[in-house]
Amino acid sequence: MLTHEENELLCRVEGDAPMGQLMRRHWTPVCLIEEVSEPDGAPVKARVFGEDLVVFRDTEGSVGVMDEYCPHRRASLVYGRNEDCGLRCLYHGWKFDVKGNVIEMVSEPASSCMTDKVKHKAYPTHEWGGMIWAFMGPQHAVPEFVPPAWAPTADTRVSIAKALLPCNWAQILEGAIDSAHSSSLHSSDFVPARVGGAEATSKNWLRPSTDKAPRLQVERTDYGFRYAALRRPILNANTHDYVRSTVFVAPATVLIPPNNLYNVANINVPMDDTNTAFYFIAWGDAETTPETETWRKFLRQQVGVDLDERYRPLRNHENRFWQDRAAMTAGNFTGISGFPNQDIAMWVTMGPIANRSDERLGASDLAIVEFRRRMLDAVADFQQGVDAIGTGAQAIGQEVCSYQAVVPKEIDWRSYAVRYVSTKHPQPADQPPVVATDYQVSQ
């Protein structure tokens, strides 16, 4: 549990809040590339760290991320005309390029020098891994963009499901690093099976364990921490452990243990103190990683089906997340379809900002406790002038990855040699799958 003051420090990101200022030292996703894919297309509204932003792609294909409100009379630029390499405010016709320069003031006299005196707030941008990124920290020291661990190369297939959620970023991230909940909340979709490691089918994921009470071990790192959830495997339980090793990359990314076909990650961007842009990512080789719409359909996160056109879930607290009680009676554990929707129901019902003072934590919450300690320590260091966690020399190394495997008990998970899942470098498995063409669910 945390005190009220600690919880406020962990969760608040708006304005001068220390956590938000720490996060601003990182390149941050603002929206998906698909939202602004068309030159001179409709501008998009975004909100990050409590700032309202407008995102647009100009005639030549460059992307701008700017303060939403025109510096003249503060009308919204989301409704502006995107034309001839600039975004024009509808109110008085002021026009801005992607860097925030005022290139026309049609309401002012031709002799006016006002265009030289006004500069609109705009942030440096970068396109990578299906996302538009911006650096919203101090503009006198913009760091080089470094590809995230889940999009290491330009030809990596990255499929992203996005949802805008009405709750704080930290309770979403805590769900992503919580291995213990998957054995209950996702038990109807993450099915115990007699397989040699986690596997993916078109309908669900399989895991080689029925153990719902993992033993957790944590290793703190400069970039955050990594930990292992150790479970009894279905096969060779006397001599082996089933290891699921998760990586927390500060400030808001989780590298989730993969399956046999593709890697999985999650990034949580605070829109403000009580709203979060949640991105759930499958990535890897094009041959084995699902395409975007296939991924979203699998997760029940399709725009127009599960989400509205602005990526807001149609399932919500008011309609009980479309929970099917008849399905529960028939054996489905939650009655809620889709991995993320099951999580979202838990996160949202905690309230806009979870009250961590009233919690009762147990041994399975070790990673949650470490996350809070790590980030509160990082904020304290940042306030004393130390570089933000995960930046510069503290950045995550390319060799670090999440993994899952059934391994002999004498092997230390910290030193277990693995690579990200790919057709060229599959993760090692110490025991072969039992099944050849179909899976056998353990009873």
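Reader: What volume does the largest cavity have?

Author: The model is a predicted one, in which local features need pLDDT of at least 70 and side-chain atom pairs count only at pLDDT 80 or more, while totals for chains, interfaces and linings use all residues. Residues are numbered from 1 along each chain as its sequence is written, and side-chain values use heavy atoms, with hydrogens and water left out. On a 1 Å grid over the protein atoms alone, a cavity is a set of points where a 1.4 Å probe fits but cannot get out, whereas a pocket is an open set with protein on both sides within 12 Å along at least five of seven lines; lining residues have an atom within 4 Å of a point. Grid points are joined across faces, edges and corners, and a volume is the space filled by probe spheres set on the points, which for the largest cavity is about 320 Å³.

Reader: Which residues lie closest to the centre of the largest cavity?

Author: The lining of this cavity consists of 25 residues. By class they are 14 nonpolar, seven polar and four charged, where Ala, Val, Leu, Ile, Met, Phe, Trp, Tyr, Cys and Pro count as nonpolar, Asp, Glu, Lys and Arg as charged, and the others, Gly among them, as polar. Closest to the centre are Gly175, Ala176, His181, His186 and Ile256.

Reader: Which element gives the largest share of the lining of the largest cavity?

Author: Helices (H or I, at least four residues) and strands (E, at least two) are DSSP runs, numbered from the N terminus. Two or more lining residues come from each of α3 (169–176), β15 (205–207), β18 (240–249), β19 (253–256), β20, β21 and α6 (339–349). The largest share, four residues, belongs to α6.

Reader: How many cavities of 30 Å³ or more are there, and what is the volume of the second largest cavity?

Author: The search of the whole structure finds two cavities of 30 Å³ or more. The second largest cavity is lined by Phe190, Ala198, Trp205, Arg244, Pro257, Pro258, Asn259 and Val264, that is, six nonpolar, one polar and one charged. Its volume is about 50 Å³.

Reader: Which strand gives the most to the lining of the second largest pocket?

Author: The second largest pocket holds about 650 Å³ of space. It is lined by 28 residues, and Val44, Lys45, Ala46, Leu164 and Arg310 are the closest to its centre. At least two lining residues come from each of β1 (27–32), β2 (44–48), β12 (157–165), β20 (263–272) and β21 (275–284). With five residues, the strand that gives the most is β2.

Reader: Which strands are at the edges of the open sheet of four strands?

Author: Two strands pair if DSSP finds at least two bridges between them. The sheet has the order β2-β3-β4-β9, with antiparallel pairing. Strand β4 (residues 63–67) pairs with β9 over two bridges, and Val65 stands opposite Tyr123. The edge strands, each pairing on one side only, are β2 and β9 (122–123).

Reader: Which residue takes a positive phi in the hairpin of β10 and β11?

Author: Strands β10 (residues 125–128) and β11 (residues 131–135) run antiparallel and are joined by four bridges. Trp128 has Met131 as its bridge partner in β11. Two residues lie between the strands, and the positive phi, near 60 degrees, belongs to Gly129.

Reader: Which peptide bond is cis?

Author: Most residues other than glycine have a negative phi, and most peptide bonds are trans. Pro251 lies in the loop between β18 and β19. With omega near 5 degrees, the cis bond runs from Ala250 to Pro251.
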